Every structure is written in structure tokens, then in C-alpha cells.
Amino acid sequence: MKLILKTFKFIGQLIVGILVLILLLGMGYKLFSSKPVPPGKLVNVNGTNIHVRAEGEKKSLPTVIIESGAHSNTDMLHWVAEGLKNNTRVIRYDRDGKWFSESSHQDNISPEFYAKQLHELLEKTGEKPPYILVGHSMGGPYSRIFRDLYPNEVEGIVFIDSSHPEQWKRLAQKELVPNGQARLLKIGSILADLGIWGIYNKIISKPTYQGDGLPQEVYSRSQSLTFTSGDVFRMFLRENKLTNDVLARAGKSKSLDSLPLLVFTATEQYKESQKNKYRKEGIDPDKEVKLWFDMQKELKELSSNGKQIVMNASHGSIITNKANADAVNKEILLFAENLGKKD
């Protein structure tokens, strides 16, 4: 009996010792590892530092403002910004609380909050309308809200595989972050704050480059921030709570009248693993793709001056793959030039 108790005691002490060692390693990582440096500027907007990247010169074309998706950031927009900045002014930024932007820590944030904050950011940095709004994924609804609040400043909108106000009602996926993933994100935020995620990534995991076409430096910066900041995970959770309100608010702008509108739609909506998962759940993935295309067509029809372009790409690679981004940029520049001819 004594031997059994000693064995359990030894195992317990060993587990505690390992946990303490992991915590110490994590604290050391947090203290001594190099922190990713914001590639843009931090601009104070009503007491909150917002990360913004302004590139290119204001020429004859309208300034392009790029809105990233829900789980995206300024680095994900790399190829789009690179392909446009030689021809016009390009603004990309991280929304409140995302990536390099501080969180205002406000409770009960309204869907209009982000549009108003962006508007103040543009004024603070001296940017002038007219603007072309380019929104990828959830960036589309955010762009719609901005245009609804400031219609005289927007000359055109570009949706890149944009979210639709009724997507959770029509698609099998009913929310941005399912409950199981939400629990993992909460755990991930704690591990990142303790430095444990960073240690795992640095020593044990050593993940290979999976940037989907983004340059190594850009991909590594995003990865570094993810593994060292619990705020990244917490923002995913906050966005999950806000998504339904943002989609509902975007849906209130039923028509864009004759506003010039360009809609890009990706053909590869699901990876094979996701298709197999759906099939096991009795869901037809082909039907899901058709529903997405129907919603994309509805977005195009928001304006009597809308155009839709279907691209052989996935929801992410439509912007992260350089060839895809180049094709998107070519159309955006033609779109901008045509706006200039109408003035």
C-alpha cells in the first residue's frame, strides 16, 4: 500500500513539476522573444491606437479602402494592396481590437461603430474622398454599412467573395465560430497569454510555411502575433458575437441604386475534407455551393450598375494567391478608371 501511495505521490509531483516547467518556459518566451513589429502606423482615434497602412499617391483615381474579413488582417491583403498602390492611394487597416490595433474595450458595440471609427481614422490621417470600398468576406458587410452612413463619399464598391446578410439562414453553417471552436479559442487565448502557444510553435511544432501564396515574411508576422497574443483569439470570439448584428445592419441597405458595383465570386467554397464532413451529416455540398452563388448574384443585383466575375479560386486564395490577386486588381483598376470617365 505504501508503495502505491509513494508511486502516486511521485507521479503527482512529476506532473506538477512538468506544469511548472512549462509555465516558466512560457513566461521566458513572453519576456525574451522578439515581438512582431506593426508594419504600418498606429493612429490614435478617440483614445484607441488603430493600425493603418496607407500606400501609393492620390492620383486621378479614387482612393481604395480595403476591408479585411472576420479572421483576416492587413497582411492577408498584401497582394491586393501591392497591385494597386502604384496606380492610386490604397488604405488598409486592422479594425478595433484586431491584430495590431488596440481594443477600445467598449461594451455593446454597435455595427455602425466600426464604420464611424474608420471615418474618423481617415479624417485623422488626412485622407479625402471619393473612395472605392473593397471588402473581402465579412469586409463586404462592413463596407455596406460605411456606404450607408457616408453615401456621398463612396463612388463604388467591390465585393470579393463577400458575406451575405442571410448566409447563416440559408447555409448549413449557422455561425462564424461553432461552439466547439469557441471553446478552443478561449483555451488558445490563455495559452497564448502564458507563452505556452509560442513555446509549442517554436520548439515542438515547428510548422511549415502554409501561407497560401503570401510572402514568407508576411505569413510569419501573422503567425508570430497569433502565438504570442491572446487578444487575437479573443477578437475572434468578439467578432463571432458581432457578426449577426453586422450582417443584419448591412441587410438594411436593401439597394445600392445605380452605384457602380463589382462582385468577385470564388468557385472553390469547400475543401474535400469539408465536403466529406457535410456528406456524413446528410448535407449536399453541391447545394451549399449553389446557395452561395445565388447569394453572390443577389449582391450583384443590389445595384443596377453591378457586374459579377466568377474566379477559379477558394475563399482565401482569391486574395492570398498572387495570380488571383493580380486578376482581381486588373478589374479593380478598370473599374476605377471607368468611374473617372463618368465624372
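## Helix pair α4 and α9

The axes of α4 and helix α9 (residues 230–251) come within 9 Å of each other and cross at roughly 45°. Axes here are lines fitted to C-alpha atoms, for helices over the stretch in contact, with angles from 0 to 180 degrees between N-to-C directions. That makes α4 oblique to α9, the class left after under 35 degrees (roughly parallel), over 145 (roughly antiparallel) and 65 to 115 (roughly perpendicular).

On the α4 side, P141, Y142, R144, I145, D148 and L149 make the contact, and on the α9 side V246, L247, R249, A250 and G251; contact means heavy atoms within 4.5 Å.

## Basis of the model

The model is predicted: local features need pLDDT of at least 70, side-chain atom pairs count only at pLDDT 80 or more, and totals for chains, interfaces and linings use all residues. Residues are numbered from 1 along each chain as its sequence is written, and side-chain values use heavy atoms, without hydrogens and water.

## Sheet

Eight strands form an open sheet with mixed pairing, in the order β1-β2-β4-β3-β5-β6-β7-β8. Its edge strands, β1 (41–45) and β8 (306–314), each pair on one side only. Two strands pair if DSSP finds at least two bridges between them; helices (H or I, at least four residues) and strands (E, at least two) are DSSP runs, numbered from the N terminus.

Strands β6 (residues 154–160) and β7 (residues 261–268) run parallel and are joined by four bridges.

## Helices on the sheet

Helix α4 (residues 139–149) packs on the sheet and touches β3 (63–67), β5 (131–136) and β6, its direction making about 150° with that of β5. Helix α11 (residues 285–300) lies across β6, β7 and β8, at about 170° to β7.
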